[in-house]
Amino acid sequence: MTKVVVSGAFGRMGSMICRMVTETEGLELVGGIGNQAGTQFNVEVVKSEEIDRLLTEQQPDVLIDFTIASAAVTAIQAATRHHVGLVVGTTGFSDAQQRQIRDAVEGTVPAVISTNFSIGVNIFWQILRNAAPLLSEYDIEVSEAHHRHKKDAPSGTAKTILSILDEAVGEREKVYGREGITERKNEIGVHVFRGGDIVGDHAVTFAKNFESITLSHRAYDRAVLVKGALIAAAWVHGKLPGIYPFSAVLDLES
Ligand SMILES: NC(=O)C1=CN([C@@H]2O[C@H](COP(=O)(O)OP(=O)(O)OC[C@H]3O[C@@H](n4cnc5c(N)ncnc54)[C@H](OP(=O)(O)O)[C@@H]3O)[C@@H](O)[C@H]2O)C=CC1
Ligand SMILES: O=C(O)C1=N[C@H](C(=O)O)C[C@H](O)C1
């Protein structure tokens with residue numbers, strides 16, 4: 001049995017994760033962390049000031065975090081103090097926050113950290129790794145669309161796409177939207193849409209004269225992201241300390 005605490009327990013992802021943990025054999029929901037205290041699926045949800053008490057009392061095996069960057073850093077640091085494994089889906093970390101996370105996790109706990117827990121997106125990234133080197137002479141544009149409530153832009157997934165492209169075709173300047181008189185150089189254009197309840201769309205277009213190729217992924221239901229996080233939670237329990245990508249959980253490494 002893997003005992004799970006969910007940070008962001010009242011959020012869009014967190015509340016669905018709490019419900020699906022209670023419905024998944026082998027996982028047990030033992031607590032939550034929220035911006036306010038309360039209960040979720042019959043377990044206590046505490047504010048971040050009470051994390052240490054919760055982790056001491058409930059002795060979870062894994063903490064799953066889907067919050068905002070600053071709250072995630074606090075939860076991650078607490079989990080490492082209590083030797084609790086981690087699944088982190090929160091996006092929008094600054095470079096300094098990423099360093100804080102690496103420093104906290106290294107040598108202490110196993111952590112699966114991914115900007116996207118959909119299996120399809122992780123396969124999409126792998127396809128991109130293989131395809132992009134063949135398309136290095138093409139103009140490249142990246143776009144993403146999400147619901148109106150999303151706070152960070154571009155999405156974490158889009159940032160991962162950009163780092164895959166940097167590695168595959170060499171680092172290029174990123175141009176975030178265009179306005180006025182602009183001349184395209186050897187850059188990557190990045191375009192962000194926000195509206196309605198779009199779960200998550202990502203696309204990469206490679207264009208040259210007379211032809212283009214677009215690789216895209218669309219999530220129709222947040223459940224695909226939640227399912228991936230739960231697969232990661234079951235996997236990470238008992239692993240050696242270190243940061244693992246979700247592709248390692250899925251055994252997608254080529
Ligand atoms: N990796 C992946 O596959 C995915 C990643 N995400 C990422 O996950 C994060 C959450 O997304 P989503 O669920 O849509 O966002 P929500 O805003 O719905 O959920 C975040 C929750 O965190 C709570 N929160 C804020 N501060 C704290 C704190 N200090 N301690 C505990 N909880 C806190 C918020 O409370 P309040 O509302 O009161 O502020 C809210 O309930 C985002 O960064 C998003 O990009 C999302 C989907 C998939
Ligand atoms: O905030 C969201 O909703 C999502 N965030 C992740 C991201 O920033 O890439 C993943 C997913 O697309 C949904």
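Modeller: Let us begin with contacts: two residues are in contact if their C-beta atoms, placed from the backbone, lie within 7 Å. This is a predicted model, in which local features need pLDDT of at least 70 and side-chain atom pairs count only at pLDDT 80 or more, while totals for chains, interfaces and linings use all residues. Residues are numbered from 1 along each chain as its sequence is written, and chains are lettered from A and ligands numbered from 1 in the order in which they are written.

Colleague: Which domains does the assignment give?

Modeller: Domain bounds come from an automatic or database domain assignment. Here domain 1 comprises 2–113 + 222–249, and domain 2 comprises 119–219. Their C-alpha centres are 28 Å apart. Across the boundary, 9 residues of domain 1 are in contact with 9 residues of domain 2. On the domain 1 side, the elements giving two or more residues are helix H7 (223–236) and helix H8 (246–249); helices (H or I, at least four residues) and strands (E, at least two) are DSSP runs, numbered from the N terminus. H7 gives the most to this side, with 3 residues. By class, the domain 1 side that touches domain 2 has 4 nonpolar, 4 polar and 1 charged residues. In this scheme Ala, Val, Leu, Ile, Met, Phe, Trp, Tyr, Cys and Pro count as nonpolar, Asp, Glu, Lys and Arg as charged, and the others, Gly among them, as polar.

Colleague: How should I read strand pairing, and how many bridges join E11 to strand E12?

Modeller: Two strands pair if DSSP finds at least two bridges between them. E11 (residues 200–208) and E12 (residues 211–219) run antiparallel and are joined by 9 bridges. Gly 200 has Ala 219 in E12 as its bridge partner. The two strands form a hairpin with 2 residues between them, and Phe 210 in the turn has a positive phi of about 75°. E11 also pairs with strand E8 (residues 139–146), in the antiparallel sense, over 7 bridges. In that pairing, Val 142 stands opposite Val 204.

Colleague: Which residues are around ligand 2?

Modeller: A residue is near a molecule if its C-beta atom, placed from the backbone, lies within 6 Å of it. Around ligand 2 there are Thr 91, Thr 115, Asn 116, His 146, Lys 150, Ser 155, Gly 156, Thr 157 and Gly 200. This shell holds no nonpolar residues, 8 polar and 1 charged. Ligand 1 has 26 residues around it, of which Gly 11, Met 13, Asn 35, Ala 71 and Gly 89 come nearest. Its shell divides into 8 nonpolar, 16 polar and 2 charged residues, and helix H1 (residues 12–22) supplies the largest share, 3 residues.

Colleague: Which residues does the UniProt annotation "active site" cover?

Modeller: UniProt positions are given in the numbering used here, feature names are shortened, and annotations may be inferred rather than shown by experiment. The unreviewed entry places "active site" on His 146 and Lys 150. His 146 is in strand E8, and Lys 150 is in the loop between E8 and helix H6 (156–169).

Colleague: Is His 146 buried or exposed?

Modeller: A residue is buried if 20 or more other C-beta atoms lie within 10 Å of its own, exposed if 12 or fewer, and partly exposed in between, with C-beta atoms placed from the backbone. His 146 is buried because 25 other C-beta atoms lie within 10 Å. Lys 150, with 18, is partly exposed. Leaving aside neighbours within four places in sequence, His 146 is in contact with Ser 155, Arg 194, Ile 198 and Gly 200.

Colleague: What does the annotation "binding site" cover?

Modeller: In the unreviewed UniProt entry it covers His 147, Gly 156 and Thr 157. His 147 belongs to the loop between E8 and H6 and is partly exposed, with 14 other C-beta atoms within 10 Å. Thr 157 lies in helix H6 and is buried, since it has 24 such atoms within 10 Å. Beyond four places in sequence, Thr 157 touches Thr 115, Asn 116, Val 121, Glu 144, Gly 200 and His 202.

Colleague: Which peptide bond is cis?

Modeller: Most residues other than glycine have a negative phi, and most peptide bonds are trans. The bond from Ala 153 to Pro 154 is cis, with omega near -10°, and Pro 154 lies in the loop between E8 and H6. Asn 42, although not a glycine, has a positive phi of about 70°. Asn 42 counts as exposed because it has 8 C-beta neighbours inside 10 Å.
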